[in-house]
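Hi,

Here's the structure I said I'd pass along.

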Amino acid sequence: MVFEDVNINFRFPPLQIVFTAHLVLSSWAMLVDWVPLAYPYYNAFFLAVILWAMMKPDAAEPVWLAIVINIFGLITDIIILATSFAPQNRRTFYEQGLLATFRFSGTMCCFNLILRVLTSLLLARTIKERGGDYGVGGPFSANAGPTYDRVEEPTLPVAQPKAYQSS
């Protein structure tokens, strides 16, 4: 069967907590349409990679990818809050009667931003537990990949030539 090698193991509570918290907070941040379209995309990619990390409990690569997406999301969240949570948007939502929802949505985006810092620390610990290291480039460095022990060829005893005997 195609999925025989997939070990579905959802018994890793820290990643489950991260997945649930980010799912709830990013959903609440999108209650009203003040966030740009990039926000749901990178949050969806992040959640998908967290699911992948839960499905592969021994692999460090999905966790590395989650850290990269999380750091990108942290920077992008700051930019989104600085540019999209502007006074002219507040006025528009006040006129529509959605000012309280707009404030709640922005607050949840701030909480999601704060949680991203804690998530990065948790993911770094998860990489350490899975046998990864904190190399400069992680899995993206030039030294990444499997390492092999240099094993010398076994030395065989040299066969002694027998003298040619003619009868």
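Searching the whole structure turns up 0 disulfides, a disulfide being a pair of cysteine sulfur atoms within 2.5 Å. Cysteine 109 is in none: the nearest cysteine sulfur belongs to cysteine 110 and sits 6.1 Å away. Cysteine 109 counts as buried because its relative accessibility is 0%, while cysteine 110 is partly exposed at 33% (buried is under 20% relative accessible area, exposed over 50%, partly exposed in between, with a 1.4 Å probe and protein chains only).

Before the rest, some housekeeping. This is a predicted model, so local features need pLDDT of at least 70 and side-chain atom pairs count only at pLDDT 80 or more, while totals for chains, interfaces and linings use all residues. Residues are numbered from 1 along each chain as its sequence is written, and side-chain values use heavy atoms, with hydrogens and water left out.

Helices here are DSSP runs (H or I, at least four residues), numbered from the N terminus. Axes are lines fitted to C-alpha atoms over the stretch in contact, and angles run from 0 to 180 degrees between N-to-C directions.

Helix 2 (residues 38-55) and helix 3 (residues 61-84) have axes that come within 9 Å and cross at roughly 160°. That makes the two roughly antiparallel (over 145 degrees; under 35 would be roughly parallel). Contact, meaning heavy atoms within 4.5 Å, involves residues including Phe46, Val49 and Ile50 of helix 2 and Ile69, Asn70 and Gly73 of helix 3. The residues of this contact split into 15 nonpolar, 3 polar and 1 charged (nonpolar is Ala, Val, Leu, Ile, Met, Phe, Trp, Tyr, Cys and Pro; charged is Asp, Glu, Lys and Arg; the others, Gly among them, are polar).

How do helix 2 and helix 5 pack? Their angle is about 30°, with the axes 14 Å apart, helix 5 being residues 99-129. The pair is therefore roughly parallel. Tyr39, Tyr42, Asn43, Phe46 and Ile50 of helix 2 meet Cys109, Asn112, Arg116, Thr119 and Leu123 of helix 5. By class, that contact has 6 nonpolar, 3 polar and 1 charged residues.

Threonine 119 is found in helix 5 and counts as buried, at 2% relative accessibility. Leaving aside neighbours within four places in sequence, threonine 119 is in contact with Val18, His22, Phe46 and Asn70.

Cheers

Terms used. Parallel < 35°, antiparallel > 145°, perpendicular 65-115°, else oblique.
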